[in-house]
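Welcome! Here is a short tour for anyone meeting this structure for the first time. Please take a look at it before reading on.

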Amino acid sequence: MRKYLKDLTNLAGISSREEKIREYIKSNVANKVDEITEDNMGNLICLIKGKDSSKKLMLDAHMDEVGFMITRINEDGTFGISPVGGVDPRVVKSQRFKIEEKISAVVNSTPIHLEKETDKVEQYESIRVYAGFSNKEEASKKVHLGDMVTFDTTYYEENSYAVAKAFDDRVGCSIMMDIIDYFFENNEKPLYDTYFNFATQEETGLRGTGTAASKIQPNFAIVLEGTTAGDNPENTPDKWATHIGNGPVLTFMHSGLVLNKEIFEKIVDTAKKLGIKFQYKMRTAGGTNAARLAKTLYGIPAGVISVPCRYIHSPQSIMNLQDYENTYQLVKQLVVNTPF
């Protein structure tokens, strides 16, 4: 359990640059599934044949993380960046970065005793990334426009919690890999032909999943996510979307989609039968690949199950390990023998 989570979160892969995550997953599951393919968008699709081949279930989790790209090399050897996905500039100042997983860098920040407008939010136009270069000519020999930039964060666990970057959505990828291991190690089959889609480019507009679904043509799908907790110490409970430690998050609607009622209720009933503590997502901002599935082919009905994570889309996201365990158990039960 969770044997892949540390490696997955430590790897770097923004949207369209998921190749290292894809190769890591492929190397660990290729001999455990009946079929494995890659499509033109870079989605990794793994099939485990089920007891009933009359229906297809698609599990989906995206491989990409939020991050940045180099968009400017300045005369003083610093760099300008633009976000890939939704990253609040307030979580960027003074942070450590990695450029192409090779070059360490830090972000500028005005010393607090010189900052007159402490409530001002710096925009990306004013952010400078410093990697030790003295001038543009020196920097240009090592760094190029379009290079990938990611948070320089290493996964660690403390008591019942884990801290890392990219829980959105390496946590979903990790759970799917755990479920593949379950079927392989126990020589079992899922109820239906089950496709595990490790998707690309979710953070830049839900790009990859629709392409994979067009190839698979599933009857229904379950999207796995790392989702916003919002239970920050400074927030009042009415602003919480979810709470870490309160179990898997079940979504009935989010931006752009009201989830399929039948699948939603099936997920709720299964969690109750298993005695798994769960919660509903109480704020509807943000979206998932389920919205893309609803617009693909004939409209593919889907459910969404998430692991709540505090400080998501930042260098230091916090997850409760029991939430991960309960999410795994719920999804596994749905795949093993829950009829849809």
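## Salt bridges across the chain

A salt bridge is a side-chain nitrogen of Lys or Arg within 4 Å of a carboxyl oxygen of Asp or Glu. Keep in mind that you are looking at a predicted model. Searching the whole structure turns up 14 salt bridges. One of them joins the side chains of Asp181 and Lys32, at 2.7 Å from N to O. Asp181 belongs to helix α4 (residues 167–186), while Lys32 sits in the loop between α2 (19–29) and β1 (35–38), so this pair ties together parts that are 149 residues apart in sequence. Are these two partners buried or exposed? Asp181 counts as buried at 4% relative accessibility, and Lys32 counts as buried at 18%, because buried means under 20% relative accessible area.

## Glu65 and its two partners

Now turn to Glu65, which forms a salt bridge with Lys165; their closest N and O atoms are 3.2 Å apart. Glu65 lies in the loop between β3 (52–62) and β4 (67–73), and Lys165 in the loop between β11 (161–164) and α4, so the pair links parts that are 100 residues apart in sequence. Glu65 is buried, at 2% relative accessibility, and Lys165 is buried with a relative accessible area of 2%.

Glu65 also forms a salt bridge with Arg170, where the closest N and O atoms are 2.9 Å apart. Arg170 is part of helix α4 and Glu65 is in the loop between β3 and β4, so here the parts tied together are 105 residues apart in sequence. Both Arg170 and Glu65 are buried. Elsewhere, salt bridges that share partners connect Arg17, Glu19 and Glu100 into one network.

## Aromatic rings

Next come the rings. How many aromatic pairs are there? The count comes to 14 aromatic pairs, with ring centres within 6.5 Å. Among them, Tyr182 and Phe183 make an edge-to-face pair, 5.4 Å centre to centre with 70 degrees between the planes. Tyr182 and Phe183 are both buried. There is also an aromatic cluster, formed by Phe68, Phe97, Tyr124 and Phe151.

## Helix α8

Helix α8 covers residues 321–337. At 1.5 Å a residue its 17 residues should span 24 Å, and the end C-alpha atoms are 25 Å apart, which agrees.

How many of the 17 residues of α8 are buried? Twelve are, so the helix is largely enclosed by the rest of the structure. The buried residues of α8 include Leu321, Leu330, Leu334, Val331, Val335 and Val336. Asp323, Asn326, Thr327 and Lys332 are also among them, as are Tyr324 and Tyr328.

Which residues make the nonpolar surface patch? Phe252, Met253, Val258, Tyr280 and Met282 do, and the patch is about 460 Å². Met282 is found in the loop between β17 (279–280) and α7 (289–294). With a relative accessible area of 55%, Met282 is exposed, because exposed means over 50%.

Conventions
Residues numbered from 1 in each chain as written. Predicted model: local features only at pLDDT ≥ 70, side-chain atom pairs only at ≥ 80, totals over all residues. Heavy atoms only, no water. Helix = DSSP H or I, 4+ residues; strand = E, 2+ residues; numbered from the N terminus. Expected span 1.5 Å × (residues − 1). Buried < 20%, exposed > 50% of the residue type's maximum accessible area, 1.4 Å probe, protein only. Patch = residues over 30% accessible without salt bridge, like charges linked within 9 Å, V, L, I, M, F, W, Y side chains within 5 Å. Areas by Shrake-Rupley, 256 points an atom, 1.4 Å probe, with all protein chains shown as cover. Phe/Tyr/Trp six-rings, centres within 6.5 Å; stacked < 30°, edge-to-face > 60°.
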